[in-house]
Amino acid sequence: MSGTARTVSVNRVDGRLKVTGAARYAADQPVERLGYGYLVLSTVARGTIRAMDVAAAERSPGVLAVYTPFQSLALRGGGNPFSVGHSWLPLQDAEVRYHGQAIGLVVAETFEQARDAAALVRADYEVRPAAVSFTDGIPGATDPGPFMGEPARLEFLADGVDSIDEALAASEVTVTGTYQQPGKHHSAMEPHACVADWQGGQLVLYSGTQSTSLTVGTMAAALGIEAAQVRVVSPHVGGGFGNKIATWAHPLLAAAAARTLGRPVKVVLTREQTFTVSGNRSAVRQTVSLGARRDGTLVAVKHQVWSSQSASGGIFESSAHTTSRYLYKTENLHLDQKIVTLDVPPPTWMRAPGQESGSFALETALDELATELRLDPVELRLRNNATVYPGRNVPWSSKHLAECYRVGAQRFGWDRRNPVPGAVVRGEWLVGMGTATANYPGERFPASVQVRFQPDGDVSVSSATADLGTGMWTVLAVLGAQALGLPISRVRSDLGDSTLAANIGAFGSGATASTGPAVAAAAQAAITALITLAVTDERSPLHGVPAADVRYDQGQLVAPDQRIAFPDLLRAVDSPGVGATGTAAPGPEHGQHAFTSFGAHFCEVRVNRFTGEPRLSRITTVIDGGAIINAKTARSQIVGAVIFGIGQALLEGAVVEPETGRIANGNFADYLLPVNADVPAIDVHFLNHPDLLFNPLGARGIGELGTVGVAAAIGNAVHNATGRRIRELPITLDKLLA
Ligand code: MOS
């Protein structure tokens, strides 16, 4: 029953709920007697609040309470970037660490009343000078200390080589480039929202989250209660992209206010508030130097990174350790990660944290090297393909990057590329093609699933995991159906509730890889429980048959001379249902291989000769992510990830006002995201080679992979179209006209 998944292509089982509006996201939960909370945010970037005038807000119609650092809701412990996103807890002190920090909560009878009253709150600040300019902070950058198990400054040198600069100087060909990108925002379609409802001493928290279990732990610690007193419910999440792993200020304050007020409280962040109350992606500057032989063999790679970090703490973008660290073979490697600590909102994990920015620098530098060598960019990558994880001497479990390039080049028609930049003109458009590699590690976590046979003939497959639009509702149903030999229509999945079988949730692209094997384990355990019931219950037609003589076959139990469908058995013995929980986790064999998903992007762009406007014509992406469970939702993942990359390449970037530290474009009118008119035809192809050394399903996970390398592929195509190398994202027409 277990073993490699069979790829299917089915619609989302939650699709009807979503398109009819029946799917309940956090803010949609029908809870009686709601109080509506609205956050008050700081209007300076750094300082101490001397006093807050809340009198007008308190007198405002419908207001139930106004909380500030001076009339506070007590929270316990401290902050932590891994739990609450930053190093402090909201309203527990009068410090302002960045513009747009939560400094108050107004609760009223309606959302509008709360919002209006929040506008009446006045804060008197003792303002201190704030450092908000990333560029200005670079000379003062510091070493963040070890992370991801390795030092921030990491070097491997060949015998007899004394420094990376010596190796570069001795190389036949070298290229060096400095690559920059602004800070970015996750921009999930569903803004952060929660409803906190105390039922006796028990908190029920509806909150869009990637991890109900991490949220339980964070809430319990901050509220000073037991984890068993918190239930987190999050059946549908409208996008997370890493921003719904941490529990930001709003659920902490909503739950504390609800406890004090004795009625449930809902807090929904406005779109503008999501830009500062929840995390972002670091601004990044990188310098990459490559040294190679004339035949294209890399001999030296030097990759220096400066990432913005918040004085509040946060998860900074680690661009070199996630890309140049292992992507290609080289005798000499030097990585150096630094952080630029600023009085700005905290960065956090954002889809392919590290890889996204790192691939832009490395994969652009490789294109610059290919140009210098007059070598095809695909050929350059194939010549430097690594088969053993550099510096660790372990092979990859399953790596088919070369096949990604071969298949992608063919599907895309790469042989029609003219290697001479600016040589292809169609009317007013310059046309070019570019390519780049995608990479993301295979991650796997322990996970549990419950499978339960029900008297109505359905089987439930449930786990406390999350579906951020990623397809997990459907994956549970597909894998449950495969493990039990039943049609998908008879499997009911359930997820997004911390009281279901233990599961850390959805991040690191590891949800399917972690939860999938547990479905098979749970199905086996449930079958054993069903057989045990059948042979031990006196009312069962199989009573007394040796268990070893009974086998399960497509919803029926088969004994030597009889056969009974499980709903008939359950009804015969008057059972409400029988099931079991199964757990799967990576074993010690995991140390013997490196696990990475790969891909290759190919894209064609046109750049207007007169206006400089870049437009995408088409993209082909070939994915080596192991076995694919549901081709339809998997394709949707990759299409979404490529679009994420288009935003990075051509549109997105936070603008921080130097005088105030305010994010000047923190709204969807000014922070540009790809819309349908920006998105070309995207051809997605899965190699679908099961990785059975990784897990019994052979599936490695694909949620983040598809965005890695997109910006470089687009930039490389822009260079091929125009001869212009744009090393600063986003690639906008002003840079192409200049
Ligand atoms: Mo991902 S950035 O681990 O949600």
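The crossing of helices H15 and H16 is right-handed in this predicted model. The axes of H15, spanning residues 631-651, and H16, spanning residues 710-722, come within 8 Å and cross at roughly 55°. On the H15 side the contact is made by Val642, Gly645, Ile646, Gln648, Ala649 and Leu650, and on the H16 side by Val710, Ala711 and Ile714. By class, the residues in this contact of H15 with H16 comprise seven nonpolar and two polar, with no charged residue.

Helix H15 also contains Gln637. With a relative accessible area of 14%, Gln637 is buried, because buried denotes a value under 20%. Apart from neighbours within four places in sequence, Gln637 is in contact with Arg351, Thr470, Ile702 and Gly703.

The contact of H6 with H7 is made up of seven nonpolar residues, one polar residue and one charged residue.

Gly508 is located in the loop that runs between strand S22 (491-494) and helix H13 (511-536). The relative accessible area of Gly508 is 14%, so this residue is buried. When residues up to four places away in sequence are not counted, Gly508 touches Tyr440, Glu443 and Glu704. Gly508 and Gly701 are separated by 193 residues in sequence, and their C-alpha atoms are 8.6 Å apart in space.

At the level of the whole chain, the protein is divided into three parts: domain 1 (15-21 + 446-584), domain 2 (31-129 + 189-239 + 244-277) and domain 3 (284-443 + 591-737). Between the C-alpha centres of domain 1 and domain 2 the distance is 39 Å. The contact of these two domains takes 18 residues from domain 1 and 17 residues from domain 2.

Notes
Residues are numbered from 1 along each chain as its sequence is written. This is a predicted model: local features need pLDDT of at least 70, side-chain atom pairs count only at pLDDT 80 or more; totals for chains, interfaces and linings use all residues. Side-chain values use heavy atoms; hydrogens and water are left out. Helices (H or I, at least four residues) and strands (E, at least two) are DSSP runs, numbered from the N terminus. Buried means under 20% relative accessible area, exposed over 50%, partly exposed in between (1.4 Å probe, protein chains only). Contact means heavy atoms within 4.5 Å. Axes are lines fitted to C-alpha atoms, for helices over the stretch in contact, and angles run from 0 to 180 degrees between N-to-C directions. A crossing is left-handed if the near helix is turned anticlockwise from the far one by less than a right angle, and right-handed if clockwise. Ala, Val, Leu, Ile, Met, Phe, Trp, Tyr, Cys and Pro count as nonpolar, Asp, Glu, Lys and Arg as charged, and the others, Gly among them, as polar. Domain bounds come from an automatic or database domain assignment.
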